[in-house]
Amino acid sequence: MDDESLMRAALALAEDAARAGEVPVGAVVVKDGEVVGRGSNRPIGTSDPTAHAEIVALREAAARLGNYRLTGCELYVTLEPCAMCVGAMLHARLARVVFGAADPKTGACGGVVALSAEAKLNHQTAFEGGVLAGECGALLKRFFAERR
């Protein structure tokens, strides 16, 4: 599968989050072309501030693969990850992270800070943004417009 197909899988999960009243963010973890983890935002429904889509997907992938180290895995997420999620991604030793829309309020891949580019950290993960950014951003804008 290519980046756009995998981002569309993450977008479907983001739409699930929106239907549940959560901020519409979705994520998938992929290893060797197979989706091994899925997540959509759940902090409101679970009363868990760590239940971001990325964390949910990482937890599922780690459980499925039987290892907290997700070497060789890639994560696709509809919104630029925050500092908490980037930290988890680095600890998981992901090979690559692909995100859709930039987040100028909490993004840790250049939106607010560039934690993803910190050379002093002991593991480096490749981060790439902008895949289906328009569609990812439109879903978020529509969600927040309906809330106002």
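**Entry 1, helices H3 and H4.** I looked up the axes of H3 (residues 53–65) and H4 (residues 83–91), which come within 9 Å and cross at roughly 20°. That makes H3 roughly parallel to H4, since angles under 35 degrees count as roughly parallel, over 145 as roughly antiparallel, 65 to 115 as roughly perpendicular and the rest as oblique. I note that the crossing of H3 and H4 is left-handed, a term used if the near helix is turned anticlockwise from the far one by less than a right angle, with clockwise giving right-handed. On the H3 side the contact is made by Glu 54, Ile 55 and Leu 58, and on the H4 side by Met 84, Cys 85, Ala 88 and Met 89; contact means heavy atoms within 4.5 Å. Sorted by class, the contact of H3 with H4 has six nonpolar, no polar and one charged residues.

For the record, the model is a predicted one, in which local features need pLDDT of at least 70 and side-chain atom pairs count only at pLDDT 80 or more, while totals for chains, interfaces and linings use all residues. Residues are numbered from 1 along each chain as its sequence is written, and side-chain values use heavy atoms, with hydrogens and water left out. Helices (H or I, at least four residues) and strands (E, at least two) are DSSP runs, numbered from the N terminus, and axes are lines fitted to C-alpha atoms, for helices over the stretch in contact, with angles from 0 to 180 degrees between N-to-C directions.

I find that the axes of H1 and H5 come within 11 Å and cross at roughly 5°, which makes H1 roughly parallel to H5. From H1, the residues Met 7, Arg 8, Leu 11, Ala 14, Glu 15 and Ala 18 meet Glu 135, Cys 136, Leu 139 and Phe 143 in H5. I count by class seven nonpolar, no polar and three charged residues in the contact of H1 with H5.

I then followed Leu 70, which, leaving aside its neighbours within four places in sequence, is in contact with Leu 58, Ala 61, Ala 62, Leu 65, Ala 92, Arg 93 and Leu 94.

Is Glu 22 buried or exposed? I find Glu 22 in the loop between H1 and E1, and at 5% relative accessibility it counts as buried, where buried means under 20% relative accessible area, exposed over 50%, and partly exposed in between (1.4 Å probe, protein chains only). Beyond four places in sequence, the contacts of Glu 22 include Asn 41, Arg 42, Pro 43 and Phe 143.

Asp 32, in the loop between E1 and E2, has a positive phi of about 50° although it is not a glycine, and at 72% relative accessibility Asp 32 counts as exposed. Ser 47 also has a positive phi of about 50° without being a glycine, and at 67% relative accessibility Ser 47 counts as exposed.

Terms used. Nonpolar A, V, L, I, M, F, W, Y, C, P; charged D, E, K, R; others polar.
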